[in-house]
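Subject: Structure handover

Hello,

Here is the structure for you to look over. My notes follow below it.

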Amino acid sequence: MSSHLTVDPIVCDGHGICAELLPEHITLDDWGFPIINPAAIPGHRLADARRAVKHCPVLALRLRQATSPPDGVAK
Amino acid sequence: MTATATRAPVITTTPGATLPRLLADGPDLRAHVARHGPLPPTSSGLLMSLEQAGLKGRGGAAFCTARKVTSVATAGGETVVVANGSEGEPLSAKDKVLLTKAPHLVLDGLALAADLVGADRRILCIERGNPVVEGAVRRALSERGESGAELFTTPRRYLSGQENALVDLINGGRGKPALDRPFVRGVDGRPTLVDNVETLAHLALIARYGPRWYREVGTAEDPGTTLVTVAGSVSRPGVFEVAHGWHLEELLAHAGSCKPRAVLLGGYYGRWAGAGKLSELRLDSASLRREGLSLGCGVIAVLDDATCAVAEMARVATWFAANSAGQCGACTWGLRDLAHTTSALGADGPDSQSPGRLMRWANMIDGRGACRLPDGAVAFLRTALEVFADEVQEHLEGGCSRARRHLLPTPAPEPWV
C-alpha cells in the first residue's frame, strides 16, 4: 500500500498552494496549474501531503491509497 | 452533410469473403430483413460470441466490447444503452454513412445490447442539423414501430461524441466532460453502456452469423471489417468498408490518392505518418502499432506535396483550442498557446524558438485533461512537427512556397450555452 497525490483537473483553479507546500512532488506548468509526480509519497512527507490536500481552496487535491500508481487522467 | 458522406461508398473485396457486410444493407426495413432475416432473439450465448469474435469498439478507443458489456451488466440495478452516432470528428463520415445506408443494423445492435445489459432505456444519438442522417434514422424508427429507442440530437461540436460529455447532454447538462465512468454512473446516474454505432452494427451481424463467420475476414487481433473515411488529397474521397489487414496503399489507390507526402491516421486525434512508412502499413492494429500508429476512428487523410502543412497544422491547432470545454487549466490555456504559436509559425517572421516551445508544451499538456481532447491535440502536433520538420525549417528561413489550401476542415463548434 502506498499513497499518491492526484488532482481533479476540472475542479483545480491553479491557486498553486500545493506546489509551495510540496515542491518536490508538485510543480506548476507554464499556466500555473499543478503537475503531480505520480510516484508514491514517502512516509516522512505524508504529513506535508495531507497539509497540501487540506489547504487546496477548491478541494481539487486528493491523497489516494493504492497498490500501484493511479493511471488515467489525474497524473 | 459533408461531401464525403453523400458519396456512394466504394467497397473493396477480399478473395473468399463476401464484402461489404455493413454497407450492403437497406436502408429500408424490407431490404434489411430480406438480406439478414429478422432480428434474432438475444441468446444466452451472445456475450460469448462477442468475446470469440473479438469485437472491439469502433469509436476510436478500440476497447473490447464484451468486457464493456460485462462491466455494465454486472454493475447492478437498472441500466441504459447509448448508441453513439454523434460523429464530431470533422474528417469522419463513416457513422453518418452507416446510419444513412444501414440504420436497421445499428438499431438491431442497440436492441441486442440492451438485452445483454438488461437496459430499459435505449438512446440513439446523432449530431443535430444533418437532415439526411436524421431523416434516415427517423424513417427507420417509424418503420420498426418501436417506442423503445429514443432519438437524441446533440450540438455540433467535437466533444458531443465524447462519452462523458454525451451522457451529460442526455442528463440535461451542457455537454462537458466529467471524470465519472459512464459504466458506473451514466444516464440518470445509472450504469450506462455507450457504444459507437458501428460497433453495434457489427454486434448485430455477429448475433446473426456467429463469431466464426465474423473471423472469415480480418486478422487474428482485428477480426472482421471496418469502416474508414478517406479524405484530403484524393480524387475519390469517401467511406470504404475494408477487411482489417488490408494494405493502406491499396486503399489509397482505390480512393484516387495523389502521391502522398504524408498521411494522417485516426483523424485529428490521430498521428501523421511520412510517405516513407506507408508501403509497410496495413489497416490493423498490430501493423500500425509497430510504427506508433493506430486506426482510431478510421479516418485516413492524405496530404500532398503542394499543400502547406504548417498552415494546416495551424488551423487544426486552432480548432482544438476552440473545441476545449474550458474546464481543465492545461487544456484551456495550453491549447490556446499551442494554437497561437503554431499560427505564428505559419505567419511572416516566425520565431526560431517556436518548434522547441511547442514540443515542450506538448509534453507538459499530455494526459492532463479530464478527457482526451488535449492528448489528441498534442499527438497531432508532435507528429506533424516531426513529419514536416523540413517544411517547418523552410518557414523559419522564410521560404515555404506551398499553397495554403484549407485541405483539412475545421468547422466552428456550436457555442456552449
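Start with B:L98. Setting aside neighbours within four places in sequence, B:L98 is in contact with B:L22, B:V106, B:V197, B:E198, B:A201 and B:L227. Please keep in mind that this is a predicted model.

B:L98 sits in helix α5 of chain B, residues 94-101. Is B:L98 buried or exposed? B:L98 has 29 C-beta neighbours inside 10 Å, and 20 or more is the cut-off, so B:L98 counts as buried.

Next, helix packing in chain B. Two packed helices are described by the angle between their axes and the distance between the axes. I have two pairs for you, and α6(B) is in both.

The pair α6(B) and α7(B):
- Helix α6 covers residues 103-117 of chain B, and helix α7 covers residues 131-144.
- Their axes come within 9 Å and cross at roughly 60°.
- α6(B) and α7(B) are therefore oblique to each other.
- The crossing of α6(B) past α7(B) is right-handed.
- On α6(B), the contact uses B:P103, B:H104 and B:L107.
- On α7(B), the contact uses B:A136, B:V137, B:A140 and B:R144.
- The residues of this contact between α6(B) and α7(B) divide into 5 nonpolar, 1 polar and 1 charged.

The pair α4(B) and α6(B):
- Helix α4 of chain B spans residues 65-73.
- α4(B) and α6(B) pack at an angle of about 50°, and their axes are 8 Å apart.
- That angle makes α4(B) oblique to α6(B).
- From α4(B), the contact takes B:V69, B:V72 and B:A73.
- From α6(B), the contact takes B:A113, B:L116 and B:V117.
- The residues of the contact of α4(B) with α6(B) are 6 nonpolar, with no polar and no charged.

Now the domains of chain B. The assignment gives domain 1 (17-214), domain 2 (225-303) and domain 3 (309-396). How far apart are the centres of domain 1 and domain 3 of chain B? Taken over C-alpha atoms, 33 Å separate them. The two domains do touch: 9 residues of domain 1 of chain B are in contact with 6 residues of domain 3 of chain B. On the domain 1 side, the residues divide into 5 nonpolar, 2 polar and 2 charged.

On to chain A. Its secondary structure comes to 2 helices and 4 strands. Read along the sequence, the pattern of chain A is β-α-β-β-α-β. Chain A has 75 residues, and buried residues make up 28% of them. Take the contacts in chain A with a separation of 6 or more: residues 24 or more positions apart account for 66% of these.

Last, the contact between the chains. Chain B gives 13 residues and chain A gives 11 residues. Which elements of chain B give two or more residues to the side that touches chain A? They are α13 (329-346) and α14 (354-365) of chain B. The largest share of that side, 4 residues, comes from α13(B). The residues on the chain B side divide into 7 nonpolar, 5 polar and 1 charged.

Over to you.

Best wishes

Methods: Residues numbered from 1 in each chain as written. Chains lettered and ligands numbered in written order. Predicted model: local features only at pLDDT ≥ 70, side-chain atom pairs only at ≥ 80, totals over all residues. Contact = placed C-beta atoms within 7 Å. Nonpolar A, V, L, I, M, F, W, Y, C, P; charged D, E, K, R; others polar. Domains from an automatic or database assignment. Axes fitted to C-alpha atoms, helices over the stretch in contact; angles between N-to-C directions. Parallel < 35°, antiparallel > 145°, perpendicular 65-115°, else oblique. Left-handed = near helix turned anticlockwise from the far one by under 90°. Buried ≥ 20, exposed ≤ 12 C-beta atoms within 10 Å, placed from the backbone.
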